[in-house]
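This report describes selected features of one protein structure. The sequence and the model are shown first.

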Amino acid sequence: MKSVDLATFIKTYDIRGLVDGQLTPEVCQALGSAFARVIAEPDGHGQIVLGHDMRDSSPALATAFADGVRAMGLDVIAIGLCATDVLYYASGTLRCPGAMITASHNPAAYNGIKLCRSEAVPLEMATGLALVRDLAQWLLDRAHIHPLSVASPELVTGALRHQEVLGDYAAYLHGLVDLDGSRPLRVVVDAGNGMAGLSAPAVLGGTPALEMIGLYLDLDGTFPNHEANPLDPANLVDLQAAVLAHQADLGLAFDGDADRCFVVDEQGIAVTASAITALVAAREIEKEVAAGVPAGEVRVVHNSITSRAVPETVAQLGGRAVMAKVGHSYIKASMAEHDAVFGGEHSGHYYFRDFWRADTGMLAALHVLAALGQQPDGSTMSSLAAPYDPYATSGEINSVVEDAVAALERVRGWASKVKPQPLVRDFDGVFVSSGDAGEGFWSVSVRASNTEPLLRLNVEAGDEDTMCGIRDAVLAVIVGTVSS
């Protein structure tokens with residue numbers, strides 16, 4: 001019998017597979033041993049930290065992964081149920097590699113593993129994940145000849161110990177963002193039955209100025225109420241209704257493993273992730289300047305499809321904005337290269353230098369709460385966000401294409417015929433811009449998906465009519481209904 005083919009579900013950044021037939025306990029054991037042998041042991045670490053989410057399959061998969069690590073003679077620090085950013089916190093403070101058993105926002109039939117080196121440094125194909133995959137594949141193939149036994153005879157099985165970190169994690173976040181002096185706020189938190197149901201009460205529940213109203217806080221990996229993916233507007237409907245019903249100041253939605261956060265204002269309207277990126281960037285720049293760092297030395301990273309408002313906000317405060325490709329590994333690498341204080345993406349991922357450059361939705365949420373809490377009585381979330389959201393945007397529009405390369409070439413051809421001639425740049429796909437902001441400003445980003453036969457289109461403009469016109473023209477070119 002042929003073993004499972006790991007290449008079918010181990011992707012560029014992490015591992016996501018169906019529980020039945022792909023990500024089995026046997027597979028997790030092999031991956032644990034491979035991770036220990038390829039990453040932890042050569043890096044001089046004698047232990048790894050391991051957490052898991054609330055999916056029904058997660059405890060058994062975590063146990064199997066731990067067995068594989070321990071078979072290599074390394075110890076496992078099990079922190080149990082946790083959000084992914086809690087795992088990153090543990091990897092950072094304990095200074096050891098980490099593994100998180102989660103499929104994030106994927107449906108209940110899936111599970112996965114997020115791996116990192118010591119201090120939450122990401123692990124991807126180019127930095128070791130391919131080696132982990134290949135060694136685990138060898139172990140699995142060998143297991144069909146002999147029972148899976150990967151320990152070397154000279155090695156002693158590593159120890160397993162349990163450690164509670166949630167309280168320390170909450171205290172650490174409050175040390176970064178001080179809510180003392182905040183005016184009273186009422187906030188609705190939709191955990192989507194994901195891990196924010198555990199971490200949100202721990203971080204927000206004991207804050208005197210906050211009245212937290214919980215929505216779907218019960219941990220349930222079957223996601224009985226809605227998918228734990230706030231990027232889909234359909235999954236924000238219940239939160240929007242609850243904000244209005246409770247006359248809340250704002251709402252917060254988290255994905256399944258709670259590393260992403262989305263904000264809804266007091267009117268029940270979703271605030272763009274770009275606006276939150278700009279708001280948090282402004283706070284981080286101001287904090288650095290107050291500590292004596294020249295503004296020109298403060299850098300903020302944003303991906304290629306966040307709003308123009310992000311680099312404009314950074315520039316207005318004297319900081320330096322750095323554009324990176326979409327994806328957490330690109331953001332984290334750029335932050336390390338430029339020693340950036342903060343990074344943000346359109347997908348609701350927010351990265352902080354003070355949090356090992358890792359993404360944490362909860363820390364971003366604290367920044368938003370602190371910013372609103374510092375406003376005078378009567379100020380609203382919508383008025384706070386408005387200056388950071390001055391442009392009309394299309395949102396991300398996905399088109400199925402048979403030949404992404406040809407479709408991108410059609411977009412370049414379209415841009416070459418536009419008058420006056422726009423700026424065209426090959427960066428993370430094709431980026432086309434009218435140039436300086438002002439009346440008639442517009443920009444287009446078209447990039448191919450890394451995992452699906454899709455082109456992703458994002459359009460931004462100074463007004464709604466311009467945005468709609470550019471959007472429709474480029475969509476027609478992408479799908480080939482008009483000639484470029």
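## Conventions

Helices (H or I, at least four residues) and strands (E, at least two) are DSSP runs, numbered from the N terminus. The model is predicted, so local features need pLDDT of at least 70 and side-chain atom pairs count only at pLDDT 80 or more, while totals for chains, interfaces and linings use all residues. Residues are numbered from 1 along each chain as its sequence is written, and side-chain values use heavy atoms, with hydrogens and water left out.

## The open sheet and its helices

An open sheet is formed by 5 strands in the order E8-E7-E9-E10-E11, with mixed pairing; two strands pair if DSSP finds at least two bridges between them. Strand E8 (210-215) and strand E11 (270-271) are the edge strands, each pairing on one side only. Strand E9 (residues 250-254) and strand E10 (residues 261-264) run antiparallel and are joined by 4 bridges. Phenylalanine 254 has cysteine 261 of E10 as its bridge partner.

Helix H7 (residues 237-245) lies across strand E7 (185-190), E8, E9, E10 and E11, at about 155 degrees to E9. Helix H11 (residues 361-373) lies across E7, E8, E9 and E10, at about 175 degrees to E9. Here contact means heavy atoms within 4.5 Å, and axes are lines fitted to C-alpha atoms, for helices over the stretch in contact, with angles from 0 to 180 degrees between N-to-C directions.

## Packing of H1 and H2

The axes of helix H1 (residues 25-40) and helix H2 (residues 58-71) cross at roughly 40 degrees and come within 7 Å. Residues of H1 in this contact include Pro25, Cys28 and Phe35, and those of H2 include Leu61, Phe65 and Asp67. The contact residues comprise 10 nonpolar, 4 polar and 1 charged, where Ala, Val, Leu, Ile, Met, Phe, Trp, Tyr, Cys and Pro count as nonpolar, Asp, Glu, Lys and Arg as charged, and the others, Gly among them, as polar.

## Backbone details in two loops

The peptide bond from lysine 419 to proline 420 is cis, with omega near -10 degrees. Proline 420 belongs to the loop between helix H13 (404-417) and strand E19 (423-425).

Glutamine 247 is located in the loop between H7 and E9. Phi of glutamine 247 is near 50 degrees, a positive value in a residue other than glycine.
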